[in-house]
Amino acid sequence: MTTLWIVLRALHFLALILLVGSAFYTALLAPVRLRPWLAQRLRPLLLSCSVISVASAVAMALVQTALMSGDWRSIGDASVWQAVRSTRFGFAWQWEIGFSLLGLWVWRLRGLPRQQGLLVAGLLQLMPLAWIGHAAMHDGLLGIFHQLNQTLHLVSVSFWAGGLLPLLLLMRDARQMEKRIDAIRAMMRFSRYGHLAVAMALCTGTIDTMLIVGPPFLWTFNSYIALLLFKILLVSLMVSIAVYNRYYLVPQFHEAGSRSPQLFLRLTQYELLLSLGVVGLVSVFATLTPT
């Protein structure tokens, strides 16, 4: 059950990150003329993420109920469900499932309202994730601050990591002359606001770490710290790739015979793979005790 919980948590995080990151493009970042076409290109991804977010949220509720009761057969017991609903997880997860269902209902809309609705539904689903786990380890004002910080962290990470896949699509489609200008504008906007997203992700991530395990000189090495250090390494590699792409490769795009665009694509693919590794590690963190 614990392994299943980790897998479902990773799947849920991944679906939300891709949903929010892609919806930022189709609702806000892409020029108005490009949005319908980009929404159509990303439709399979957005629809899949919407469905997966609902399915994984419901499955996580079932698994968590089994974990709390100690017996998977208890998921059919109404009294057990009532007990789980009274917990912090139960309260948060009712909202999580509700917001995920809202994300499915939004597909009844059309055009820009659908894309804006998907973005709002995705952002709303990120909020309850900050109400449980290690982000909920404090009470009072410190607890509120920790959860707000975690929410900002999830939003900034979703913009950054979730926007990499649409970025790859736009890089390839920018070769088509009729879409080239609008595709470049969308990528430039992602790059501009991506600076803020990366800075916010690093800042809020650092604060979150300090609130959970304290400053590094107080750390006692254990499984949690080992995975945390590995996560820091992966994030550092992602930042290094992002900086190298933006400030070394992008200025070379217009040089004759330059292979910078191809290298940019390859490195961005690596950055996306690294983000998948980070999601996996974060999912494991939820099952470990920090100290």
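A: Helix axes are lines fitted to C-alpha atoms over the stretch in contact, and angles run from 0 to 180 degrees between N-to-C directions; helices are DSSP runs (H or I, at least four residues), numbered from the N terminus. This is a predicted model, in which local features need pLDDT of at least 70 and side-chain atom pairs count only at pLDDT 80 or more, while totals for chains, interfaces and linings use all residues. Residues are numbered from 1 along each chain as its sequence is written, and side-chain values use heavy atoms, with hydrogens and water left out.

The axes of α6 (residues 140-162) and α7 (residues 164-173) come within 5 Å and cross at roughly 30°, so the two helices are roughly parallel (angles under 35 degrees). In this contact (heavy atoms within 4.5 Å), Trp 160, Ala 161 and Gly 162 of α6 meet Leu 164, Leu 165 and Pro 166 of α7.

Helix α6 also carries Phe 159, which pairs with Phe 24 of helix α1 (residues 2-29), 135 residues apart in the chain. Phe 24 is buried at 12% relative accessibility and Phe 159 is buried at 9%, where buried means under 20% relative accessible area with a 1.4 Å probe and protein chains only. Ring pairs also join Phe 24 and Phe 159 with Tyr 25 and Phe 190 in a cluster.

Notes: Parallel < 35°, antiparallel > 145°, perpendicular 65-115°, else oblique. Buried < 20%, exposed > 50% of the residue type's maximum accessible area, 1.4 Å probe, protein only. Phe/Tyr/Trp six-rings, centres within 6.5 Å; stacked < 30°, edge-to-face > 60°.
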